[in-house]
Amino acid sequence: MESGGALQLGPIEGSFDTRYSAGAREVLDELPESFTITDPGIPGHPIVFASVGFAKMSGYSKEEVLGRNGRVFQGPGTCRRSVAEIREAIREERGVEVCILNYRKDGSPFWMLFSMCPVFSRDDGRVVHFVGVQVPIGGRKGCSEVLFGSCRREISSGSVCSKEVSLVVGLGTKCVRGPEIEEYCQASDVEKQRASATINSILSVLVHYSELTGRLVSGKRCILIGMGALSSSVNISLRRIKQSFVLTDPHLPDMPIVYASDAFLRMTGYARHEVIGRNCRFLSGPDTNSSIQHQIRETIHSEQACTVRILNYRKDKSSFWNLLHISPVRNATGKIAYFVGVQIEEHEFHGRQGLSPETRQLSVVGAVKVAVRSISIAAAATAASSSR
């Protein structure tokens, strides 16, 4: 196992075991196919479950695989365009199907059809896992292991065979050796159907066993009314911010909350599914100053930032004075993508030393802006690259 693997064992196991009830592992282990389950919410997007079939096909034990990123199975003959296609699908949170050359533990290469799909939380619509199914492509011309097996050895010795590359065209991969191009290495309809059936079987197990824990998942994103889905990349960045804040989408009707921090949920007493999709005014109550609410609406309308002191109410109807800062969040093109609202309970700062409320709020706003802007820059760069 890689250095530091033992430290990651807790979150790796927890990623699977807290989402699905006992028995899920046993049922999945009975499936003969090769597949892995990964968690994009953990840094490095590691494998959190590997099937018995995957261990047999790759030559790695489960202990050697858990906590590691799937790139450990790539090698010198692995097509970089195939890898980029998979990464792009992960970033866009969608399924993908590619033929790709991977390597076993003993260094021997093999062609496989890699089929991947996201698993969505039915609570807030975010991606909690990816299921990746690996179907070996049977010995057809153009998919020769001998070609790439010898190439891998020669590459390591600095031979001219390092010029051999693999070019992906759709689901077909051309094996190029010198000036001669072999036949397409393409998955058959039977292999594609096998991959699809396996994914459906795995999703059926995950959905069933998530119902027993109450942390429901689905193979399709379940967007709540008025909710805009954030990508996993943005969610990961936002979860690192420990202060109380919400993100709202001004482009959706009634400007609903699309992200709420854990600190916000603790402060207000609401569960996440009770918050996402609602306008922030649900925190108002009988003694909330309407003029302050009007000031907030005017600030948002003018696309400006503001700081107010407003009386809000928790789920249990208890009130608290909220030092609220609201600021627009712009994407890489300068257009407003969201508004962020940072909440601090006034009593927290009576007689306390340290950072002022204003400094803490601006720090949160800055972190949110960096998260949103970095993702929009990456998306713009990808779009520009694909249009060339």
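View 1. Phe 110 in β4 is the bridge partner of Asn 102. Strands and helices here are DSSP runs (E, at least two residues, for strands; H or I, at least four, for helices), numbered from the N terminus. The model is predicted: local features need pLDDT of at least 70, side-chain atom pairs count only at pLDDT 80 or more, and totals for chains, interfaces and linings use all residues. Residues are numbered from 1 along each chain as its sequence is written, and side-chain values use heavy atoms, with hydrogens and water left out. Strand β3 (residues 96-103) runs antiparallel to β4, joined by 8 bridges; two strands pair if DSSP finds at least two bridges between them. The hairpin leaves 5 residues between β3 and β4, and Gly 107 in the turn has a positive phi of about 90°.

**View 2. Other partners of β4.** Strand β5 (residues 127-136) is antiparallel to β4, with 9 bridges; Phe 130 in β5 stands opposite Pro 118. Strand β9 (residues 217-218) is also antiparallel to β4, through 2 bridges, and Val 217 in β9 stands opposite Ser 121.

**View 3. Burial of β4.** Because 13 of the 13 residues of β4 (residues 109-121) are buried, the strand is largely enclosed by the rest of the structure. Buried means under 20% relative accessible area, exposed over 50%, and partly exposed in between (1.4 Å probe, protein chains only). Both faces are covered, with Trp 111 among the buried residues on one side and Phe 114 among those on the other.

**View 4. Helix α5.** Buried residues in α5 are Ser 82, Val 83, Ile 86, Glu 88 and Ala 89. Just after α5, Glu 93 takes a positive phi of about 55°.
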